[in-house]
Amino acid sequence: MSTRVGILGATGAVGQRLIQLLDPHPEFEIAALTASPTSAGRSYRDASKWRVDTPIPEDVADTTVVETDPDEVPDDIDLLFSSLPSSVGADVEPAFVEEGYVVSSNSSNGRMDEDIPLTIPEVNPDHLGLIEVQRDERGWDGALIKNPNCSTITMVPTLAALKGFGLNRVHVSTLQAVSGAGYSGVTSMEILDNVLPHIGGEAQKMESESLKLLGSFDGAEVNLHPAEVSASCNRVPTLDGHLENVWADLEDDPSAEEVAAMMEEYPNIDLPSSPDPLIHVFEDPERPQPRMDRMLGDGMAVAAGGIEETPDGVQFNCLAHNTIRGAAGASVLNGELLLEEGYL
């Protein structure tokens, strides 16, 4: 039997990616689409300005969009995927959870709350145990789980592979695609023939979220990883795919070959959307590149390359598709983990 799912904020950029990924999904069936009051009551075909590189699924196109309100969503929905703006999600997501819905959210609100799991299933699936803490403390019948920022999720799997070498300090400089800002986030006059050397709030998200994801769950709380993380985030004129330059200071003194092996051998997880391998390591120092490598693993893999030893550890480049692995695909993967662990 299929798991009935809904999408909150279905007409936006991430909402469209969610539809693209969920329509052919082997375990999930799209049963509800929500959007703003101006879109409610219209068919999805009419309400959305479709921009994804595959056609709108016919069964979805004729679905009537409803308002993003718990009273408007059927009670028999097993799981909701949220792609709401954080300013909206901060109020709306808890309202759904209080009504008993389980929400897998891409929105940034609440990611660092102590009782909300911030999860990459291949990295910290045990953090899902925070749901029990969340339900006890908030009196919720449902549950709220978050996936991290698109730039964070690109880097963290590679750092998780290095934890065994003793991770002391990380510096990252990002080259982030324009799709990460949404359809209207960066104008052509801003980004063509240009690079924007600041993305508001992005560095802080990378610096805090990484430590929660790499931290340890003791059954009651997540203890943040003790490493120091500093980030510099830049917007560049590529469409999709965040490329990041990473310097990692390590307690041990591994060779570049040992680091590559640890990344290549880092395990995936037995869920439909988890790629094998999770981390694709290139020997060619000119890879990974966004245009050539963002769709590895159907857009869910992380690519790494340019691994070199430094006096304090290693430096390398990593890349992931920011709207698939970094957003919609991450939420779907978290939904698969919720199903696997019996939370639906």
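## Arg138 and its partner

Arg138 is partly exposed, with a relative accessible area of 34% (buried is under 20%, exposed over 50%, and partly exposed in between, using a 1.4 Å probe and protein chains only). Its salt-bridge partner is Asp115, with the closest N and O atoms 2.7 Å apart (a salt bridge here is a side-chain nitrogen of Lys or Arg within 4 Å of a carboxyl oxygen of Asp or Glu). Asp115 sits in the loop between S5 and helix H5 (130-138), while Arg138 is in helix H5, so the pair ties together parts that are 23 residues apart in sequence. As for the labels, helices (H or I, at least four residues) and strands (E, at least two) are DSSP runs, numbered from the N terminus.

A word on the source: this is a predicted model, where local features need pLDDT of at least 70 and side-chain atom pairs count only at pLDDT 80 or more, while totals for chains, interfaces and linings use all residues. Residues are numbered from 1 along each chain as its sequence is written, and side-chain values use heavy atoms, leaving out hydrogens and water.

## Other salt bridges

How many salt bridges are there by this rule? The count comes to 12. One of them joins the side chains of Glu122 and Arg325, at 2.8 Å from N to O. Here Glu122 is in the loop between S5 and H5 and Arg325 is in helix H11 (residues 324-340), so to speak distant parts of the chain, 203 residues apart. Both Glu122 and Arg325 are buried.

Then there's Arg17 with Asp240, whose closest N and O atoms are 4.0 Å apart. Arg17 lies in helix H1 (residues 13-22) and Asp240 in the loop between strand S10 (228-235) and strand S11 (242-250), so this pair ties together parts that are 223 residues apart in sequence. Arg17 is buried, with a relative accessible area of 10%, and Asp240 also counts as buried, at 10%.

## Val103 in strand S5

Buried or exposed: which is Val103? Val103 counts as buried because its relative accessibility is 0%. Val103 belongs to strand S5 (residues 102-105). Leaving aside residues up to four places away in sequence, Val103 touches Leu80, Ser82, Glu93, Phe96, Val97, Ala143, Leu144 and Ile145 (contact means heavy atoms within 4.5 Å). Val103 and Lys146 are 43 residues apart along the chain, with 8.4 Å between their C-alpha atoms.

## Where H6 meets H9

Helix H6 (residues 150-162) packs against helix H9 (residues 256-264) at an angle of about 115°, their axes 8 Å apart (axes are lines fitted to C-alpha atoms, for helices over the stretch in contact, and angles run from 0 to 180 degrees between N-to-C directions). On the H6 side, the contact is made by Thr158, Ala161 and Leu162; H9 brings Val259, Met262 and Met263. By class, that's five nonpolar, one polar and no charged residues (Ala, Val, Leu, Ile, Met, Phe, Trp, Tyr, Cys and Pro count as nonpolar, Asp, Glu, Lys and Arg as charged, and the others, Gly among them, as polar).

## Ser39 in its loop

Ser39 is placed in the loop between strand S2 (28-35) and helix H2 (44-47). Ser39 counts as buried because its relative accessibility is 7%. Not counting residues up to four places away in sequence, Ser39 touches Ala47 and Val65.
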